[in-house]
Amino acid sequence: MFPRPLTPLAAPNGGEPLGRTLRRAPLGRARAGLGAPPLLLPSMLMFAVIVASSGLLLMIERGILAEMKPLPLHPANREGAAWRGAVRRPGALTLDAGDSDLQVRQDIRNRTLRAVCGQPGMPRDPWDLPVGQRRTLLRHILVSDRYRFLYCYVPKVACSNWKRVLKVLAGALDSVDVRLKMDHRSDLVFLADLRPEEIRYRLQHYFKFLFVRDPLERLLSAYRNKFGEIREYQQRYGAEIVRRYRAGAGPSPAGDDVTFPEFLRYLVDEDPERMNEHWMPVYHLCQPCAVRYDFVGSYERLEADANQVLEWVRAPPQVRFPARQAWYRPASRESLHYHLCSAPRSLLQDLLPKYILDFSLFAYPLPNVTREACHQ
């Protein structure tokens, strides 16, 4: 019932990663002699919660999780509000009392993050992470020293536009409307570029945020973009996917006709920690337990949330988040529903464990792919 551990841990003295050892030995035995209590892996933690509530597969089959109602708000004088996003300091965020939708979403996410990240064995600091996971995290956090903020970028969640904003704030671009091919490295500072003491200072004192999106909608967006438009991805990933999952594909497929179920089968067989960043789970990219983000924005209300962040960091009023270009057609809920209903249900049941923390931590419902829902 439990999936394989998602995060192989670095073994001492250059030995075999412990994540692979864990697949062959009980958790307590694999950890013996390391001088630390058994590590409760995030995937196993969340599955323990779900299994205790009648089991993930049954809930997917019946569409129960897709119909769950949002959690109610905390009482007004809730304890521990400073745990995430409520520390009063110059420039700190304050939610508009009139924006009840924003308050509800942030409250749900904060409560979920507190509940999951407060469990024993969960990372509380980037230096609690294995080296490979910490490297991935630090390579995805962008730094603005002038405006004292850190942004963890998530591919397929408007990260190119956010990078454009950072370049404008740094003076490297005149306007967010400049039509240039995005260079995803130049004129940007990543947390990985800094020394450990500089990293610690910024994590402690800077405003930290990320933006998230429905996990499966993000996967569909990556699939459409990378396999439908980008030749490099077709050759590097598409050809291998076709060879691996399509009978009679031949030795040299073009890779430009990967189907969505073939892409999902590829993801099922991939180690999340080693995935391409465009489909790596947000949990592995941004480590929301190890980093205490002050704000988690939503792709579903991107412009409003993004401009709210720019206000909080006191960006110049002329700097705004770029409007979506007229030609751009994001993956719609209808398109996602069609693709999911066209995929084998057993395939989705195998895939969802790898993204369960993204669903759970950021309050996204699991898909309803019951026969009734798919025939509506």
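**Entry 1: Cys341 and Cys374.** I began with the torsion about the S-S bond of Cys341 and Cys374, which is about -80°, so this disulfide is left-handed. I noted the cut-off too: a disulfide here is a pair of cysteine sulfur atoms within 2.5 Å. For Cys341 and Cys374 the S to S distance is 2.1 Å. The pair links distant parts of the chain, 33 residues apart, with Cys341 in helix α14 (residues 333-342) and Cys374 in helix α16 (residues 371-374). Helices (H or I, at least four residues) and strands (E, at least two) are DSSP runs, numbered from the N terminus.

**A note on the model.** I am reading a predicted model, where local features need pLDDT of at least 70, side-chain atom pairs count only at pLDDT 80 or more, and totals for chains, interfaces and linings use all residues. Residues are numbered from 1 along each chain as its sequence is written, and side-chain values use heavy atoms, with hydrogens and water left out.

**Entry 2: Buried or exposed?** I looked up how the cut-offs work: buried means under 20% relative accessible area, exposed means over 50%, and partly exposed lies in between (1.4 Å probe, protein chains only). Cys341 has 25% relative accessibility, so I wrote it down as partly exposed. Cys374 is partly exposed as well, with a relative accessible area of 24%.

**Entry 3: Cys117 and Cys289.** Next I found a disulfide between Cys117 and Cys289, with the sulfur atoms 2.0 Å apart. Its torsion about the S-S bond is about -75°, so this disulfide is left-handed. The two cysteines are 172 residues apart and link distant parts of the chain: Cys117 is in helix α5 (residues 100-117), while Cys289 is in the loop between α12 (282-286) and β5 (295-298). I marked both Cys117 and Cys289 as buried.

**Entry 4: Cys152 and Cys286.** Here I saw a disulfide joining Cys152 to Cys286, 2.0 Å from S to S. The angle about the S-S bond is -95°, and the link is left-handed. Cys152 sits in strand β2 (residues 149-152) and Cys286 in helix α12, 134 residues apart, so to speak in distant parts of the chain. Both Cys152 and Cys286 are buried.

**Entry 5: The tally.** How many disulfides does the structure hold? I counted 3 disulfides. With the bonded cysteines numbered in sequence order, I wrote the pairing as 1-4, 2-3, 5-6. I also checked Cys159, which is buried with a relative accessible area of 8%.
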